[in-house]
Amino acid sequence: MSARESQVDVVVVGLGPGGEYAAQKLAEAGLDVVGVERGLVGGECPFYGCIPSKIIIRAANTLAEARRAETLGGQVDVRPDWRLVADRIDRQATNHWDDASHAERLAAAGVRIVRGDGRLDGPGVVVVGEERFVARRGVVLNAGTSPATLPVDGLAGTPYWTNREIVKVSDLPASLAVIGGGPIGAELAQAFARFGTRVTVLEVADRILGPEEPEASALVTEVFEREGIDVRTGVQIERVSHDGGFRAHLGDGSTVESEQLLVAAGRRTNLAGLGLETVGLDPEARAVDTDERMRAGERLWAIGDITGKGPFTHVSMYQGAVAVRDLLGEDGPWADYRAVSHVTFTDPEVGSVGMTERAARDAGIEVGIGTADLPESSRGWIHQAGNDGLIKLVADSERGVLVGGTTVGPSGGEVLGLVAGAVHAQVPVATLRTMHFAYPTFHRALEVALDQIEA
Ligand SMILES: Cc1cc2nc3c(=O)[nH]c(=O)nc-3n(C[C@H](O)[C@H](O)[C@H](O)COP(=O)(O)OP(=O)(O)OC[C@H]3O[C@@H](n4cnc5c(N)ncnc54)[C@H](O)[C@@H]3O)c2cc1C
Ligand SMILES: NC(=O)c1ccc[n+]([C@@H]2O[C@H](COP(=O)([O-])OP(=O)(O)OC[C@H]3O[C@@H](n4cnc5c(N)ncnc54)[C@H](O)[C@@H]3O)[C@@H](O)[C@H]2O)c1
């Protein structure tokens with residue numbers, strides 16, 4: 001059967017955060033835009049990722065904070081009620097996993113939404129079922145990721161959870177094993193533990209939150225263990241069996257039993273079946289290479305998690321904005337990844353921007369380091385229960401500027417803002433040292449760390 005053909009200006013394939021942003025801005029600029037989506041308009045973040053997970057974390061943190069009152073303000077009777085969380089995600093956050101509000105916003109901007117699987121069919125051409133779109137200006141790929149499947153014996157036949165299922169849970173499990181101590185595993189492990197679930201984290205690497213500074217991993221591990229989470233690192237999972245409950249068989253001969261199992265062991269990019277070979281790109285690649293304008297080929301742009309430049313919502317939207325500027329013929333600014341920041345919303349939060357110490361040394365930079373322990377700061381001492389935290393700043397001593405920083409603490413993600421600004425704008429360390437740091441804030445601990453840097 002021959003496909004119906006339409007000429008348009010731009011086709012956006014995948015309407016996750018970056019694609020949604022780009023489609024809306026291009027349509028508002030007057031272009032004829034088609035947005036193709038096979039799942040929910042809005043993508044992973046609002047329905048299965050950032051927003052539901054942060055609602056769970058917010059609730060869990062209120063419980064932890066209430067428990068802290070015992071030594072600071074008085075007795076509080078804490079009785080967790082998961083129904084409040086499940087209901088908030090279901091009704092307030094996801095509208096029962098209905099994307100109408102996202103789709104209506106795009107339609108109001110003039111985007112034509114086409115439901116289905118988009119596939120490239122040569123430069124500037126996208127096929128969706130029986131429809132064929134020829135894009136005069138180009139195609140923007142924003143296909144995102146899915147949970148990676150683990151090649152562990154026995155796992156495939158079991159009803160394990162990924163992030164897609166765990167955000168829909170209506171009843172708390174008594175116990176949960178979490179495979180993977182990355183951001184998803186760590187955030188959800190702690191939140192479920194705070195609701196009363198017995199949690200075991202199984203991490204193959206020698207520490208959880210591996211890409212972070214080792215000091216950050218160590219501190220979060222210490223807090224997790226204090227809260228009763230069983231953190232096992234360096235584990236090999238040989239096999240998983242399921243017989244009502246789960247049993248993970250580990251390489252050292254031990255087993256871990258749990259009522260439920262969350263697999264949070266990474267993501268795979270949704271590039272299979274996208275027709276990359278029709279535009280001269282490798283269909284087996286893990287990511288799509290882009291230049292500073294997010295161009296990936298002839299009349300082709302790629303944005304978001306598929307570019308491998310940082311799997312975060314803000315990166316996807318940042319790249320969406322870059323692609324929009326290029327498609328509209330503007331003169332930049334183009335993509336720059338020196339100061340990509342991210343926050344892992346454990347408690348303490350782990351904020352991070354730019355390079356770690358190791359990355360800076362590997363890049364041949366003459367490194368200067370400054371650190372501070374939050375409990376030793378005035379605000380940390382006042383805060384007391386729940387004051388775990390640290391600052392680590394990484395400077396290029398030759399140039400006298402920060403190239404990275406890690407801010408762990410009760411408001412680690414907020415404190416990060418100042419460091420991210422300094423790395424982004426290359427503010428001289430000497431200038432930062434002359435700042436006023438309000439007393440007694442958590443960010444004031446930065447002054448201690450800055451003073452130590454030889455720069
Ligand atoms: C549990 C969890 C928590 C997270 N928390 C945070 C956080 O706190 N902060 C943060 O910054 N990031 C967080 N992330 C990461 C964040 O969700 C992603 O970085 C972000 O969603 C990526 O956006 P994207 O636009 O690249 O892709 P996605 O959001 O994955 O969207 C891609 C879309 O493309 C569609 N699609 C794919 N292929 C096709 C095709 N061929 N045709 C049509 N449609 C297609 C998919 O259906 C999907 O809707 C979290 C992720 C998870 C899983
Ligand atoms: N707050 C945030 O910004 C946030 C929150 C959640 C997720 N995310 C993003 O979403 C992406 C996916 O998160 P993720 O945590 O699933 O992935 P990840 O790749 O960051 O972490 C996966 C973890 O699983 C471990 N692992 C892999 N195979 C294993 C095995 N066989 N046994 C035990 N452990 C194993 C890895 O060593 C790693 O520590 C990340 O890249 C992350 O940046 C961001």
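Predicted model: local features only at pLDDT ≥ 70, side-chain atom pairs only at ≥ 80, totals over all residues.
Residues are numbered from 1 along each chain as its sequence is written, and chains are lettered from A and ligands numbered from 1 in the order in which they are written.

Ligand 2 is surrounded by 25 residues, and the closest are Gly 180, Gly 182, Pro 183, Ile 184 and Gly 266; a residue is near a molecule if its C-beta atom, placed from the backbone, lies within 6 Å of it. Besides H7, strand E9 (198-203) and strand E18 (341-344) each supply at least two residues of this shell. By class, the shell has 14 nonpolar, eight polar and three charged residues. Here Ala, Val, Leu, Ile, Met, Phe, Trp, Tyr, Cys and Pro count as nonpolar, Asp, Glu, Lys and Arg as charged, and the others, Gly among them, as polar.

## Domains and their contact

The protein is divided into domain 1 (4-43 + 99-147 + 268-327), domain 2 (155-265) and domain 3 (341-452), with bounds that come from an automatic or database domain assignment. Because domain 2 and domain 3 both give residues to the shell around ligand 2, this ligand lies between them.

The C-alpha centres of domain 2 and domain 3 lie 29 Å apart. Their contact takes 12 residues from domain 2 and 14 residues from domain 3, where two residues are in contact if their C-beta atoms, placed from the backbone, lie within 7 Å. On the side of domain 2 that touches domain 3, H7 and helix H8 (214-226) each supply at least two residues, and the largest share, five residues, comes from H8. That side has seven nonpolar, one polar and four charged residues.

## Surroundings of ligand 1

Around ligand 1 there are 38 residues, of which the closest are Gly 14, Gly 16, Gly 43, Gly 144 and Gly 304. Among the elements that each supply at least two residues of this shell are helix H1 (17-28), strand E2 (33-37) and helix H9 (313-327). The shell has 14 nonpolar, 18 polar and six charged residues.

## Packing of H1 and H9

H1 and H9 pack at an angle of about 30°, with their axes 7 Å apart. Axes are lines fitted to C-alpha atoms, for helices over the stretch in contact, and angles run from 0 to 180 degrees between N-to-C directions. The angle therefore makes H1 roughly parallel to H9, a term for angles under 35 degrees.

The residues of H1 in this contact include Pro 17, Tyr 21 and Leu 26, and those of H9 include Thr 313, Met 317 and Leu 327. By class, the contact has nine nonpolar, six polar and one charged residues.

## Backbone features in loops

The peptide bond from Gly 332 to Pro 333 is cis, with omega near 0°, and Pro 333 is placed in the loop between H9 and E18. A cis peptide bond also runs from Tyr 439 to Pro 440, with omega near -10°; Pro 440 lies in the loop between helix H13 (429-432) and helix H14 (445-452).

Trp 97 has a positive phi of about 55° although it is not a glycine. The loop between helix H4 (82-93) and helix H5 (100-109) holds Trp 97.

Conventions
Helix = DSSP H or I, 4+ residues; strand = E, 2+ residues; numbered from the N terminus. Parallel < 35°, antiparallel > 145°, perpendicular 65-115°, else oblique.
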